[in-house]
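Here are a few friendly notes on how the two chains sit together. Please have the model open while you read.

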2 protein chains.
Amino acid sequence: MKTVSETRCFGGIQGVYSHTSEACACDMTFALFLPEEARSVPVPILWYLSGLTCTHENAMTKAGAQAWCAEAGVALCLPDTSPRGADVADDDAFDLGQGAGFYVNATEAPWAPHYRMWDYVTQELPALVGSEFAVDLDRQSIFGHSMGGHGALTVAMTLPDRFRSVSAFAPIANPTASDWGRKQFGAYLGSDESRWSAHDSTLLMRESGFPGPVLVDQGTNDQFLDLLKPETLAEAMAARRQEGQFRLQKGYDHSYFFMSSFMEDHVAFHAEALYA
Amino acid sequence: MKTVSETRCFGGIQGVYSHTSEACACDMTFALFLPEEARSVPVPILWYLSGLTCTHENAMTKAGAQAWCAEAGVALCLPDTSPRGADVADDDAFDLGQGAGFYVNATEAPWAPHYRMWDYVTQELPALVGSEFAVDLDRQSIFGHSMGGHGALTVAMTLPDRFRSVSAFAPIANPTASDWGRKQFGAYLGSDESRWSAHDSTLLMRESGFPGPVLVDQGTNDQFLDLLKPETLAEAMAARRQEGQFRLQKGYDHSYFFMSSFMEDHVAFHAEALYA
C-alpha cells in the first residue's frame, strides 16, 4: 500500500492511498478519513460507496462528511467505483465500464478480468483497511449515493451480520427494472436475469430485508427519478415492516448539494448504531 | 443577469448567476447561497473571496460553508477571482492573469482594460446582488482564503464602515514583500511601489486597522508559509491592539481540508457580528 497524501482535516487525517488489488487485477485508490480518536484507539468504520462517474475523490471533497465523522468519532472509507487503467475494459457511455462498476463481480467478456467490485468492497478492501489502520471491523456500517446507494443496500442485505446500519441517498433502487441496471447487469453478468436479482435492493428487501435500521433520502426534484424507482423500495420496506425511514426531501435534486444537506443526519444515524 | 443554476441546499438555494460586468468589461459568473429565511425577509450577507486559480465554484463545492450559513441565516456570495474570456489578457503562470486578479484595479497594459476586480467586488457586484436578491446590505461581513484572504482584509480595512467583521484563512498577509504580490502588483499597478501599499493588509493594519473584530486562521504545515508571511500580520495586529484573534492551527496545510475544518468557526464569528 502506498500513501498518496495525508492531510489534516477536522482534527483527524484525510488520507488517500493506493494499492495493487488482487480482486480487480489493477492498482486501486481509496480515501480514508480517520478522526482524532483513531490515534489512540480503533474506531468504528463507515463505508461510503459513490455513484456513477465518481472516483474516491468526489465525496472526499464535496460531500462534507468529515465534519460529522470527526464529531462522531467514526472513520470514513471511500472506495473507487470501478477498476481503472489503460488495460481495463471501458465503454464510451458514462454508465458502463470505468466509473460504473455497479458493485458486482462481472462474469462476461470483456469485463470479467477486472470488474470484481463486489469482492473488492466486501473482502479485499476491508481486510486491507482493517490491517493497516486503527479501525474496529466489529463495528461497521455502510452508505452510498445513487449507484453507491444501490451498492450499500445490496451489500448490507447480503452481509447482514457485518453491518449495524445502512443508508442511501437517492439509490438506484430497482436496477433489474431500470435502464440503470438492465444494461449493466446484461453486460457484466450476462443475459440470465436470475443472476441479477442478488443485486437489486428492492428484491432483496422483499426477500429478506435488513436486521438493523435503514435510512433512505430521496429528493423530490431528482432529475433521475424514473431511473432510480424509489417507489419500489419504499413499498418493499413498508411491506416487510423494515425498521427504518424512507424520506422524501422536497425540492432537492440528485447532486452533492442534496447529499451534503443531509449528511449530518446520515452520519449521526450510523454513529448511533456504531456506538450502541 | 442570467440564472445558470439554482439547486436546493440545506433548506435554501445554491444559485449560480452570470452577468455582463461593466467594471471588468466581460461576462462574470458568481455563486450565491440564500438560506431559507431569505424567502421571507432580507438576510445579512457574507462575502467570500477565493484564492489563486479558483472560480466561484471551488468554495461552493468544497468549503462546506452552506451548512453553517444555513444554520446562521446568512447569505454567502462567492465572486470569481478575475475577469474571464478569450479576449481577456492572461499569462501562462497560475499566479498572474486569469484566476489571479488579486482584487486590484489594474492600471498597466495589457491588464488595465479588464482587471478591475477591486471595483467589481466592492461596487458592481454588491449593487447587483443587493438589487436582485433578498439580502440586507446594511449587514455585511467579508472573508476569504489565501489571495482571497488578502482581498477580504484589504477591502474591509479600506471600507471599514461597510463591514461588521472580517476573517481570513491563510491570507497573503504582506504581498508587497512577497513573490505573491510583488510580481502581480508590478504587472497590474506598475513599478511605483507607493501605489502597492493600499493593497497590503499588514501595512493597512499598521496604519489604521479595522473597527470590528478580525479572525485569522493559519495552518502550521502550510506549504506556502514563506509566501504568506503570517508573522507580519500577527505582529501588526498585536502592535495595534486590534480586536481579534490570530490562530495557528497545528498540522493543517493550505487546502480546502484546512479551510472546511474551521469554516463553522468563521461563519459563527461573522454571524455574531451580523446579528448583533
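1. Chain A can be laid on chain B with an RMSD of 0.0 Å by a turn of 180° and a shift of 0.0 Å along the axis (least-squares superposition on the C-alpha atoms of residues with pLDDT of at least 70 in both). This is the relation of a two-fold axis. Within chain A, A:Lys62 comes closest to the rotation axis, with its C-alpha at 2.5 Å.

2. Bear in mind that this is a predicted model, in which local features need pLDDT of at least 70, side-chain atom pairs count only at pLDDT 80 or more, and totals for chains, interfaces and linings use all residues. Residues are numbered from 1 along each chain as its sequence is written, chains are lettered from A in the order in which they are written, and side-chain values use heavy atoms, with hydrogens and water left out.

3. The contact (heavy atoms within 4.5 Å) takes 20 residues from chain A and 20 residues from chain B. The copies meet through the same surface, because 100% of the interface residues of chain A are also interface residues in chain B.

4. About 1600 Å² is buried between chain A and chain B, and carbon and sulfur atoms give 66% of that (accessible area, 1.4 Å probe, lost when two parts are put together, summed over both). A:Arg8, A:Phe10 and A:Phe257 supply 38% of the area that chain A buries against chain B, more than any other three residues.

5. Between chain A and chain B there are zero salt bridges (a side-chain nitrogen of Lys or Arg within 4 Å of a carboxyl oxygen of Asp or Glu).
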